Amino acid sequence: MNKNQSTRRDFLKVTGSASAAIAFPTIIPSSALGNATTPPPSERIVVGGIGLGNMGGGDMGAFLNNKSVQYVAVCDVRTGVRNGAKDRVDKHNNNKDCTAHTDFREMLAREDIDAVHIATPDHWHGIMVIEACRAGKDAFCQKPESRTLREGRLMVEAARRYGRVVSGGSQRVLEDYRALVRQCWGGELGPIKSINVNVDPLSQPCNLPPQDCPADMDWEMWLGPAPWAPYNSKRCDGNFSTSGNSWRSYTDYSGGGMTDWGAHHFGGATYVVDVRELQPSEVIYQNEGGKRFLTFKYPNGILLTHNMPGKGNMQVEGTPGAKREAKTIPEYAAKGGISADFIECVKTRGKPFRDIEYAVNTVAVCHLGIIAYTLGRSLKWDAAKQVFIGDEEANRFLDRARREPWQL
Amino acid sequence: MLDQAFETLKTYDWGMDPNVLRPITDAIVKSYGDAAARKDLETRLIAVLKSEAPRAAKDAVCRALQTIGTAESVPALAALLPDEKLSHMGRHALERIPAPEAGQALRDALPKVAAKLKVGIISSLGVRGEAASVAPLQTALADSDAAVVSAAARGLGAIGIPDAAKALASAMPDPKTKAAIDGALLECAEDLLAAGKKPEAKAAYGKILAGKPSKHVELAANLGIKASS
């Protein structure tokens with residue numbers, strides 16, 4: 001807690017881009033070099049999947065259908081999900097070769113695997129992405145990419161240090177807000193002053209009663225770095241509820257709607273107003289008659305509000321009549337959505353649309369907001385040093401201790 | 001309301017409505033800047049921690065002390081560190097309490113706990129980033145348990161000061177610990193570079209390259225050598 005990390009980040013910003021380019025002749029797998037319509041398996045990107053329930057199953061389908069991908073391994077802590085995923089891959093590949101793992105580290109140890117996609121509960125994302133980078137794998141990680149602010153910073157550092165292509169997982173950032181991006185980036189609304197995001201709720205403490213753990217669930221591995229707690233089906237259900245019936249509802253595993261849909265909406269908002277590369281410098285907390293809302297101030301003057309009374313979701317305030325120079329709008333590197341963008345960047349060592357730094361900057365907004373709401377006060381944020389200014393107590397929320405043996 | 005919540009906390013167990021503790025978390029928020037009120041809250045929380053309260057209750061106390069704990073809380077939290085069930089939640093608070101006594105308690109516990117709990121304590125020491133932790137982590141680099149060695153390496157990498165780099169450079173990696181030691185050396189070298197200590201950074205990168213690292217590590221080290229030349 002007494003280290004100034006900003007300079008390490010600066011160094012990695014310089015070398016990160018260089019390493020991706022220089023990596024091509026030394027690291028790029030031979031499988032990445034094929035570009036035929038349907039390359040033979042030996043020339044495809046070799047992929048494994050971790051966490052293959054709702055979102056992971058969907059992601060798996062997208063990767064299986066990508067002709068540049070050879071899908072070879074699955075990992076899940078639930079036997080039924082794991083076996084089902086293996087069967088699906090084997091059927092697709094017309095063989096029985098897909099390996100099935102409970103422990104993701106076994107998968108990362110396979111030298112033939114080039115990239116992994118991760119769709120576990122959020123409390124696992126940071127560790128898995130960082131371990132993938134350490135193992136020399138590229139990674140596609142579902143949103144929200146980090147569970148804490150410190151985790152996010154370390155994920156970016158790991159990606160840059162090891163020259164890895166790491167993509168976040170919110171497809172909605174580009175696909176839901178394209179029209180609004182065109183308006184704003186095209187200059188139609190003039191210089192942008194603010195944008196509002198409406199999303200709820202925050203996650204809550206969980207104290208569900210113990211239940212018998214099903215035989216096909218590795219409960220210790222599901223909990224992983226989170227505090228130990230007894231099994232309860234609602235605690236670990238992967239449905240999309242944030243009101244008590246899934247892990248998305250509870251603070252040990254998720255930031256609730258604020259990070260879950262927040263990753264989409266805040267990601268879209270920061271794209272629309274073109275602050276993807278920045279983090280806010282201030283969070284202003286307001287409580288008017290019990291209605292709580294926030295204003296995030298960016299260093300360039302842009303305001304991002306959360307649940308601002310009277311404002312709609314993604315409502316933009318521009319400067320009517322004023323001119324703004326149009327800018328080229330970034331797009332995916334390949335047709336086929338966000339997973340295809342990732343695979344294309346794995347081949348070319350390019351920067352994915354949802355590069356991990358953009359994704360982490362988005363989730364940082366969510367985390368900063370949660371901390372401001374939790375403490376009930378405004379906060380000043382030093383994005384370069386990744387610390388709150390003049391608020392020792394807020395700095396205690398930058399991270400949380402991981403249950404042994406897990407470590408970042 | 002607050003008194004009732006503290007009374008309930010004494011027997012708080014899995015399955016009870018967490019909202020019964022809400023008055024305590026509300027009091028924590030409201031008492032910001034009120035030293036006397038905070039001291040009163042901390043004293044009452046410590047009392048529960050020292051009692052025979054259920055595990056869920058002590059978990060809740062550790063979460064509260066993560067926010068408001070001071071050096072006063074450290075002895076009661078430190079007592080949890082050797083307990084396999086409560087060690088993590090003890091660290092949950094100790095890792096985030098800025099008082100130097102918290103770091104010292106973690107260092108004091110390190111040689112006294114089982115290997116699995118050592119890994120956790122080492123992780124917390126790395127996050128705290130105190131220079132005083134370099135020596136005990138260097139000792140842990142010589143542990144017979146590869147998990148402890150790898151954790152110690154990562155802890156030193158997180159601390160990232162010149163002494164941490166020296167400790168890592170003197171480590172004797174084996175196939176199980178080499179990746180962690182190389183990665184930690186990379187982190188230290190980045191911090192050395194950032195601090196303008198180019199010769200020391202270059203030496204750290206050189207140490208990595210001399211050990212025939214994996215290709216992606218070799219690339220990172222070569223880039224570092226270039227940056228430190």
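**View 1. The interface of chain A and chain B.** In this predicted model, chain A and chain B bury about 4700 Å² between them, with 53% of it on carbon and sulfur atoms. Buried area is the accessible area (1.4 Å probe) that two parts lose on being put together, summed over both. The interface brings 56 residues of chain A into contact with 63 residues of chain B, where contact means heavy atoms within 4.5 Å. Residues are numbered from 1 along each chain as its sequence is written, while chains are lettered from A and ligands numbered from 1 in the order in which they are written. Local features need pLDDT of at least 70, side-chain atom pairs count only at pLDDT 80 or more, and totals for chains, interfaces and linings use all residues; side-chain values use heavy atoms, with hydrogens and water left out.

View 2. Six salt bridges are counted between chain A and chain B; a salt bridge is a side-chain nitrogen of Lys or Arg within 4 Å of a carboxyl oxygen of Asp or Glu. One salt bridge joins the side chains of R38(B) and E393(A), at 2.6 Å from N to O. On the side of chain A that touches chain B, α1(A) gives the most, with 10 residues. Helices (H or I, at least four residues) and strands (E, at least two) are DSSP runs, numbered from the N terminus. By class, this side of chain A has 27 nonpolar, 11 polar and 18 charged residues. Ala, Val, Leu, Ile, Met, Phe, Trp, Tyr, Cys and Pro count as nonpolar, Asp, Glu, Lys and Arg as charged, and the others, Gly among them, as polar.

**View 3. The second largest pocket.** The second largest pocket holds about 1400 Å³ of space. Its lining has 47 residues, and the closest to its centre are L108(A), E131(A), R134(A), A135(A) and A179(B). On a 1 Å grid over the protein atoms alone, a pocket is an open set of points with protein on both sides within 12 Å along at least five of seven lines, whereas a cavity is a set where a 1.4 Å probe fits but cannot get out; lining residues have an atom within 4 Å of a point. Grid points are joined across faces, edges and corners, and a volume is the space filled by probe spheres set on the points. α12(B) gives the most to the lining of this pocket, with seven residues.

**View 4. The largest cavity.** The structure holds three cavities of 30 Å³ or more, and the largest has a volume of about 90 Å³. Among the residues lining the largest cavity are H123(A), R147(A), D252(A), R400(A) and H92(B). The lining divides into four nonpolar, three polar and five charged residues.

**View 5. Backbone details in chain A.** Most residues other than glycine have a negative phi, and most peptide bonds are trans. A cis peptide bond joins K143(A) and P144(A), with omega about -15°. P144(A) sits in the loop between β5 (138–141) and α6 of chain A. R349(A), which is not a glycine, has a positive phi of about 60°.
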